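Student: I'd like a close look at a single part of this model, please. Take me through it in one go, and spell out your cut-offs as you use them.

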Amino acid sequence: MIHRLDVRAPLPGLVWGAYPERREAPRTRWPWQRAPYRRWLAEVRAAAVHWRGLDETAFGHRLRGVQGRLGRDGMVGETIVEALAAAVEAARRSLAFEAYDTQIYAALVMLDNRLAEMATGEGKTLAAALAAAVGALAGIPVHVLTANDYLVARDAAGLAPFYVSLGLRVACVTGSMDETQRRAAYGASVCYVTARELVFDYLRDGQRRGFARSDLQRRAAAMRGAEGARSMLRGLCMAVIDEADSLLIDEAMMPLILSRQVHDSAARAFFWQAWSMAGELQAGEDFRLEAGAMRVELTAAGRARLAERAVPLGGRWRSARLREEVAGMALAARHAYRRDVHYLVRDGKIEIIDEITGRAAPGRVWSRGLHGLVELKEGCRPSPGTETLAQITFQRFFPRYHRLGGMSGTLREARGELREVYGLDVVCIPSRVPGSRKSLPSRLYGAKPALWDAVTRRVGEIRRQGRPVLIGTASVAESEALSACLAEAGIAHAVLNARFDAEEAAIVAQAGEPGRVTVATNMAGRGTDIPLAAGVAAAGGLHVMCCQFNASRRIDRQLEGRCARQGDPGSVETWISGATPRVAELPLLGALVRWAGTNDEGRVAVAPRLLRAVLGWHQWRQARRERRARRAMLAADREWERGLSFGGPGE
């Protein structure tokens, strides 16, 4: 039996409060509780025929009737079918898009508060718009979350005619907007926004109202405040998440910290001293570097040497725990964090590179002084210190939505964790047309130069067939190293990494041209649709070369999904070297390299199946470790919130 408030539309008002937000843990949704999607899909198709026969006046009159029923009866099956049929017809009239059955199926799944796994290229953008439109027709403020500001602006502008034809207003929030613009955008029926911008605006709202928990307290705070004290969001009513596994799994533990600048000259001097002292410590003798964990462990000799150096300094240096912690951070900044791998230096500032997306993240900083230590390393002007005002993680934020749905091409591997943490069930949507992707044997090379030489020769072969090539690399530095090899061989190409994020749209638009070569980081792995030019499909389609080893098989599948979309031909192969990040950390693979040896080209004579098995086993172990870490962190967060129940959410 579905609870009445799960069926009704949550919207700001007397029933749900001025700022609707879920307080209790989300209810777990099980496969046997799913709605009859296939029956509803047939009913949507049948209803769409009637909507198609209406002129504009009759269409608008009937649409107002559906909106009235949504407001009166809520999100029940019969009304959802009518509203979705209207949205399908509106997409046909305004965008000339004929919605596929798979897109309607996915929209039904998301409206049922579940996650839809759709193969890449199946049209997730329209599926999300259909679900968002139905929610907005019910009067619910809807947030559609996409991967980056470029996609936010693109989708909001491109789909505006669709929403307008339904009498809805669409807007977007990007990082460059001020508070007034953001408040106006969140006031629209549907707002496209990135998760980071949304969460920080939510935390700012919490600061304005003092994290008041009751609706009466919030209303009183709003009445006391001026325009600047008004909340920007209208609550957490409904969200549709694109690339859901990236936010809900890969970035689940990332602390999103709202802070303010403080000027603490003593703290700055303390970190200067730590940086200087770290330069005197010797690797192996005073500390051991754990590159995979991005941290440094001091030896007994290192701790003793540090204590001896700290004696004349006094102050904070008297605390053994504090000095060892800050010295460890200084050593990590010197030896573990690498330029063009973990961060960029642009316009005299440090910009962190997001490991999952491969994009620069302006405004994001490492905490506890690490960011300032990296600035010292690169000779950048130190940024002011910060004081934490509020913080939250995605795995604590998203369960606060009353209605939550989403989609991605890679969800099935994480379905257990998604149900456990968010109460979300995963529904796999069958592909519209059978896939025709060819997976070629994987290769392992002993050293990076040998790998890049082999990739360059392979790219030349594929280009001569008139096919485009997309090469995925692990970092900005690796993409530029491969770019240098291709340039030396006279192969024209484009580079898509965090340095060239402004040219992303132009690079992606041309990546499907015959003979086009694109070298990319993980920026090309999600939310990137590479259209094939005329004649490319007949030549064999896009060829993807994966020259990176990701922590998760899901991220591999995202890159592979750039080719062979919507039934087009395409092929993918994985070529890596023993020096590729993470591969060098596998002792078993190192033993295989020594046992098998290399040929004249530097290729390791290991069977492709054995190589895939070793890599897959490591990814499985890594995914299990990360899952345990997320579970432990969530349990600690929940215990902390229970212990400080007098505080508000987000503190």
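Tutor: Happy to! Let's start in the sheet: the bridge partner of Ala116 in strand 13 is Met407. Before going further, a word on the source: this is a predicted model, in which local features need pLDDT of at least 70 and side-chain atom pairs count only at pLDDT 80 or more, while totals for chains, interfaces and linings use all residues. Residues are numbered from 1 along each chain as its sequence is written, and side-chain values use heavy atoms, with hydrogens and water left out.

Strand 1 (residues 115–117) and strand 13 (residues 403–408) run parallel and are joined by three bridges. Strands here are DSSP runs (E, at least two residues), as are helices (H or I, at least four residues), numbered from the N terminus. Two strands pair if DSSP finds at least two bridges between them.

These two strands belong to an open sheet of seven strands, ordered 3-4-2-5-13-1-14 with parallel pairing. The edges are held by strand 3 (170–173) and strand 14 (426–428); each has a single partner strand, so one side of each is left without a neighbour in the sheet. On average, neighbouring strands of this sheet are turned by 20° against each other, direction ignored.

Two helices lie across strands of this sheet. Helix 9 (residues 179–186) lies across strand 2 (142–146), strand 3 and strand 4 (190–194), at about 140° to strand 3. Helix 10 (residues 195–208) lies across strand 2, strand 3 and strand 4 too, but runs at about 105° to strand 4. For such angles, axes are lines fitted to C-alpha atoms (for helices, over the stretch in contact), and values run from 0 to 180 degrees between N-to-C directions.

Within helix 10 sits Asp205, which is buried, with a relative accessible area of 0%. Buried means under 20% relative accessible area, exposed over 50%, and partly exposed in between (1.4 Å probe, protein chains only). A polar atom of the Asp205 side chain lies 2.8 Å from the backbone nitrogen of Met232, and a polar atom of that side chain lies 3.0 Å from the backbone nitrogen of Leu233. Not counting residues up to four places away in sequence, Asp205 touches Tyr19, Ser231, Met232 and Leu233, contact being heavy atoms within 4.5 Å.

Another aspartate to look at is Asp242 in strand 5 (residues 238–242). Asp242 is buried yet has no salt bridge, and the nearest side chain of opposite charge, Lys124, is 5.3 Å away. A salt bridge needs a side-chain nitrogen of Lys or Arg within 4 Å of a carboxyl oxygen of Asp or Glu; Lys and Arg count as positive, Asp and Glu as negative, and His and the chain ends are not counted. Leaving aside neighbours within four places in sequence, Asp242 is in contact with Lys124, Leu145, Thr146 and Met407.

One last stop is the loop between helix 5 (101–111) and strand 1, where Asn113 is found. Most residues other than glycine have a negative phi. Asn113, though, has a positive phi, near 60°, and counts as buried at 11% relative accessibility.

Technical notes
Polar contact = N/O pair within 3.5 Å; in protein donor to acceptor, adjacent residues only side chain to side chain.
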